[in-house]
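This report looks at aromatic ring contacts. The sequence and model come first, then the pairs.

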Amino acid sequence: MQLIDGKAVAAQIKQEIAAEVEQIVAAGGKRPHLAAILVGHDGGSETYVANKVKACEVCGFKSTLIRFEADVTEAELLNKVEELNQDADVDGFIVQLPLPKHISEQKVIEAIDYRKDVDGFHPINVGRLNIGLPCYVSATPNGILELLSRYQIETSGKKCVVLGRSNIVGKPMAALMMRKAQPGDATVTVCHSHSKDLVKECQEADIIIAAIGRPNFVTADMVKEGAVIIDVGTTRVPDATKKSGFRLNGDVKFDEVAPKCSFITPVPGGVGPMTIVSLMKNTLLAGKKAIYD
Ligand code: NAP
């Protein structure tokens, strides 16, 4: 069994990005600039945004954090989105999800100029991904592709089961695994809460990508010998031994599943760091105007 070290790969990619940014700046180019909007004080969102700002520093990007209290109106938020759309200095920006209930996430996502949508959530980017056109690919699935690629994991012709069908992980992941490219070219099955034969599908899979948010859901009996396991799940579970009072738990029962695998991602330190680095990659593409003028 080989452990997929997302933390190490992410650190390496950030160094690669930083080197490229310094080259761009030395040649008189513009330093990429990522802006992030954070609404309210949700613990998880605070951590994610802080980590994104930190990653920007490591990559040599300019970053701007814009905060609103949880009672911000939808109109105020949409105004800010429009301001960022128009701001020529901002290459890309994100609105950290989830948003408070009184704000329509879909409305906010669709208000973002798709050319600055480095999260890849705008319908234009989602649509382009699905028909194989250049676009901003959503960060978590893109990070997983990068891991498969850097660990030279064969995906062509393999049976891949994606657990979960969310717009940000499951669906784009399935689209990427079935695309005509490497990594890709897999035979993909997507399972969700209505799937009847989920266990059987997993037992036959060469690659399982678990993104359901149910701690320890994937157990050893569901996994074929030699399978590749990518664990996206990050559920906070109470843990008195941790300073924070919680730990992050994956969707895979790591201790019993790991011995059966050829490759497996740990939680934390697997997919998580790659998600942030994928956002950095998209920001670099935005700074270079590599996808859209
Ligand atoms: P989500 O929007 O809540 O979607 C969960 C999906 O799992 C849904 O499609 C749901 O099915 C399915 N599901 C839930 N329980 C199930 C069950 N018992 N059996 C089969 N399918 C089930 O979640 P998400 O945003 O995709 O995130 C999934 C997990 O990944 C979460 O733990 C999240 O924290 C984590 N995550 C991690 C990263 C990272 O960087 N590491 C990034 C994003 C998300 P239905 O559609 O039928 O409801």
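## A buried tyrosine

Y136 counts as buried, because its relative accessibility is 1% and the cut-off is under 20%. The model is predicted.

## Aromatic pairs

How many aromatic pairs does the structure hold? It holds three.

Y136 sits in the loop between α5 (123–130) and α6 (139–150). Y292 belongs to the segment after α10 (271–287). The pair therefore ties together parts that are 156 residues apart in sequence. Y292 also counts as buried, at 9% relative accessibility.

## Y151 and F263

Another pair joins Y151 and F263. Their ring centres lie 6.3 Å apart and their planes stand at 75°, so this pair is edge-to-face. The angle decides the class, because planes over 60 degrees apart count as edge-to-face.

Where do the two partners lie? Y151 is in the loop between α6 and β5 (159–163), and F263 is in strand β11 (residues 263–264). The contact thus ties together parts that are 112 residues apart in sequence.

Are these residues buried or exposed? Y151 counts as buried at 19% relative accessibility. F263 is buried too, with a relative accessible area of 17%.

The charged end of R115 sits over the Y114 ring, 5.7 Å from the ring centre.

Note on methods: Residues numbered from 1 in each chain as written. Predicted model: local features only at pLDDT ≥ 70, side-chain atom pairs only at ≥ 80, totals over all residues. Heavy atoms only, no water. Phe/Tyr/Trp six-rings, centres within 6.5 Å; stacked < 30°, edge-to-face > 60°. Helix = DSSP H or I, 4+ residues; strand = E, 2+ residues; numbered from the N terminus. Buried < 20%, exposed > 50% of the residue type's maximum accessible area, 1.4 Å probe, protein only. Lys NZ or Arg CZ within 6 Å of the ring centre and 35° of its normal.
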